[in-house]
Amino acid sequence: MHELGIVFHIIKTIEEVAGEQKLTKVSKVVLEVGEVSTVIPEYLEDCWKWACKKSELMEGSELKIETIKAVTYCEDCQKTYETVKYAKICPYCKSENTYLIEGNEVQIKEIEAA
């Protein structure tokens with residue numbers, strides 16, 4: 001379960017920011033998670049609840065997850081399309097000369113703190 005590692009990394013990053021900004025309590029964190037990132041939101045939420053209990057700064061903080069739609073770019077016809085719906089083959093020109101341009105990220109969007 002790589003979600004636990006992701007949660008630990010996020011909490012460590014937030015703790016570093018909190019130290020720099022002299023924050024004492026985090027109430028909410030908004031994460032952006034790409035729809036093809038292989039992160040399972042339910043696992044992420046479970047890991048979050050468990051890990052936050054181990055941090056005075058993070059204890060009781062809410063986790064909100066926003067999904068980033070996956071978008072693929074076709075180098076042949078230079079169009080973008082929905083990755084999940086069409087996968088690697090461009091729906092416009094049927095080319096496989098494509099690559100993912102977004103939707104694989106996991107990033108902190110917002111932190112609410114005191």
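## Sheet, helices and a surface patch

Ile111 is found in strand S6. In this predicted model, Ile111 is partly exposed, with a relative accessible area of 31%; that value lies between the 20% under which a residue counts as buried and the 50% over which it counts as exposed. Together with Val17 and Ile108, Ile111 forms a nonpolar patch on the surface. The accessible area of these residues together is about 180 Å².

Strand S6 belongs to an open sheet of three strands, arranged in the order S2-S1-S6 with mixed pairing. Because strand S2 (62-68) and strand S6 (106-113) each have a single partner strand, they stand at the edges, and one side of each is left without a neighbour in the sheet. From one strand to the next, the twist averages 20 degrees.

Strands of a sheet pair through backbone hydrogen bonds, in either a parallel or an antiparallel manner. Strand S1 (residues 26-34) and S2 run parallel and are joined by seven bridges. Within this pairing, Gly34 has Ile68 in S2 as its bridge partner.

Two helices are placed against these strands, as the table sets out.

| Helix | Strands involved | Angle |
|---|---|---|
| H1 (residues 2-21) | lies across S1 and S6 | about 45 degrees to S6 |
| H2 (residues 41-52) | touches S1 and S2 | about 160 degrees with the direction of S2 |

Definitions and conventions:
Residues are numbered from 1 along each chain as its sequence is written. This is a predicted model: local features need pLDDT of at least 70, side-chain atom pairs count only at pLDDT 80 or more; totals for chains, interfaces and linings use all residues. Side-chain values use heavy atoms; hydrogens and water are left out. Two strands pair if DSSP finds at least two bridges between them. Helices (H or I, at least four residues) and strands (E, at least two) are DSSP runs, numbered from the N terminus. Axes are lines fitted to C-alpha atoms, for helices over the stretch in contact, and angles run from 0 to 180 degrees between N-to-C directions. Contact means heavy atoms within 4.5 Å. Patches are made of residues with over 30% relative accessible area and no salt bridge: like charges are joined within 9 Å, nonpolar side chains (Val, Leu, Ile, Met, Phe, Trp, Tyr) within 5 Å. Accessible areas come from the Shrake-Rupley method with a 1.4 Å probe; for residues, only the protein chains shown count as cover. A salt bridge is a side-chain nitrogen of Lys or Arg within 4 Å of a carboxyl oxygen of Asp or Glu. Buried means under 20% relative accessible area, exposed over 50%, partly exposed in between (1.4 Å probe, protein chains only).
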